[in-house]
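Dear colleague,

Please find below the structure that I am handing over to you, together with its sequence. My account of what was found follows directly after it.

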Amino acid sequence: QADGHSEDHASGGMTLRSAVITPDAAAPEGQLVDDLVCDCCQTDVALSTRGPVAVYRNRTAEETRDIYLSRVIDGQWQTGQAVANDGWKISGCPVNGPAIAAAGDDVAVAWFTAANDIARVQMVRSIDGAESFSAPIEIDSEHPLGRVDIELLADGTAVVSWLRKGESQQGALSIRSVSTAGTLGPVHTIAELATARTSGFPQMIGESDGLVFAWTDSSEEDDAVHTARISQATLRTITP
């Protein structure tokens, strides 16, 4: 939500808010999560056993735009805390938000950063419901474009998906698994893309037999949404 009445930030700064919609569709009561966030980066929310957890790209008055996390405690969103202090200063929104997944007290967050002019996809993990996190794990630093997603498998393995830039404007939708101990699996390509930058924000979701992906394909005259499935058997060959 654009907020033109902030006393602490420039007029027009974007705020992050939440609302709970009840089964009877009663009018939701909004609640402020953060009073200044990156304008266009998507947010994500997951539900741990300790309650909702939101991740988003924060924005400081000095234009540092790192990934922050907020939890609901006793019905109130807590002050956002940095997932990792990348120190990415950028004067415009990169349109490249984070992703979060949770299973019980196990919470994993993936995101893109280009701090210090080094493009990277990173991930952190928590085993205490997002109260604390591991040190960042580098998923990819070889021409990633970001636009990440993340899922947790039944055995606790995390799978991160993201877009990579190839030759010319070509690219790929890739995934990489990370064990509970932080061991990285190989990079696995889900789909080659004619134009990675027009492939939207690929989505990944787990199912009983593996993972399902959806993305925009612009290789033909008209854009189309394509899907792919990767089975549990295939996942076992690319997990550490």
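Strands S17 and S18 pair in the antiparallel sense, and 5 bridges connect them. Please bear in mind throughout that this is a predicted model.

Strand S15 (residues 171-178) pairs with S16 in the antiparallel sense over 5 bridges. One of the residue pairs concerned is glycine 171 with its bridge partner in S16, leucine 193.

**The hairpin of S4 and S5**

Strand S4 (residues 44-48) and S5 run antiparallel and are joined by 5 bridges. They form a hairpin, with 2 residues between them. Alanine 46 has valine 53 in S5 as its bridge partner.

**The loop between S5 and S6**

Two residues of the loop between strand S5 (51-57) and strand S6 (67-73) deserve a description, and threonine 64 is one of them. Asparagine 58 is placed in the loop between S5 and S6 as well.

Is asparagine 58 buried or exposed? Its relative accessibility is 6%, and asparagine 58 therefore counts as buried, the cut-off being under 20%. Leaving aside residues up to four places away in sequence, asparagine 58 touches Asp34, Leu36, Val37, Cys38, Thr64, Arg65, Asp66 and Tyr68. For leucine 36, which lies 22 residues from asparagine 58 along the chain, the separation of the C-alpha atoms is 6.8 Å.

Threonine 64 is likewise buried, with a relative accessible area of 17%. With residues up to four places away in sequence again left out, threonine 64 touches Asn58, Arg59, Gly87, Trp88 and Lys89.

**Valine 109**

Valine 109 lies in strand S10 (residues 106-113). Its relative accessibility is 0%, and valine 109 accordingly counts as buried. Which residues does valine 109 touch, not counting those up to four places away in sequence? They are Val55, Leu69, Ala99, Ile100, Gln122, Met123, Val124, Phe133 and Ile150. For methionine 123, 14 residues from valine 109 along the chain, the C-alpha atoms of the pair are separated by 5.5 Å.

**The two largest pockets**

The largest pocket holds about 190 Å³ of space. It is lined by 14 residues, of which Leu153, Ala154, Asp155, Gln232 and Leu235 are the closest to its centre. The elements that contribute two or more residues to this lining are S13, strand S17 (203-207), strand S18 (210-217) and helix H1 (232-238). Of these, H1 gives the most, with 3 residues. Divided by class, the lining of the largest pocket has 5 nonpolar, 5 polar and 4 charged residues.

The second largest pocket has a volume of about 150 Å³. Its lining is made up of Ser18, Ala19, Val20, Glu29, Gln31, Val45, Pro52, Val72, Gly75 and Trp77. By class, the lining of the second largest pocket has 6 nonpolar, 3 polar and 1 charged.

With kind regards

Conventions
Residues are numbered from 1 along each chain as its sequence is written. This is a predicted model: local features need pLDDT of at least 70, side-chain atom pairs count only at pLDDT 80 or more; totals for chains, interfaces and linings use all residues. Side-chain values use heavy atoms; hydrogens and water are left out. Two strands pair if DSSP finds at least two bridges between them. Helices (H or I, at least four residues) and strands (E, at least two) are DSSP runs, numbered from the N terminus. On a 1 Å grid over the protein atoms alone, a cavity is a set of points where a 1.4 Å probe fits but cannot get out, and a pocket is an open set with protein on both sides within 12 Å along at least five of seven lines; lining residues have an atom within 4 Å of a point. Grid points are joined across faces, edges and corners, and a volume is the space filled by probe spheres set on the points. Ala, Val, Leu, Ile, Met, Phe, Trp, Tyr, Cys and Pro count as nonpolar, Asp, Glu, Lys and Arg as charged, and the others, Gly among them, as polar. Buried means under 20% relative accessible area, exposed over 50%, partly exposed in between (1.4 Å probe, protein chains only). Contact means heavy atoms within 4.5 Å.
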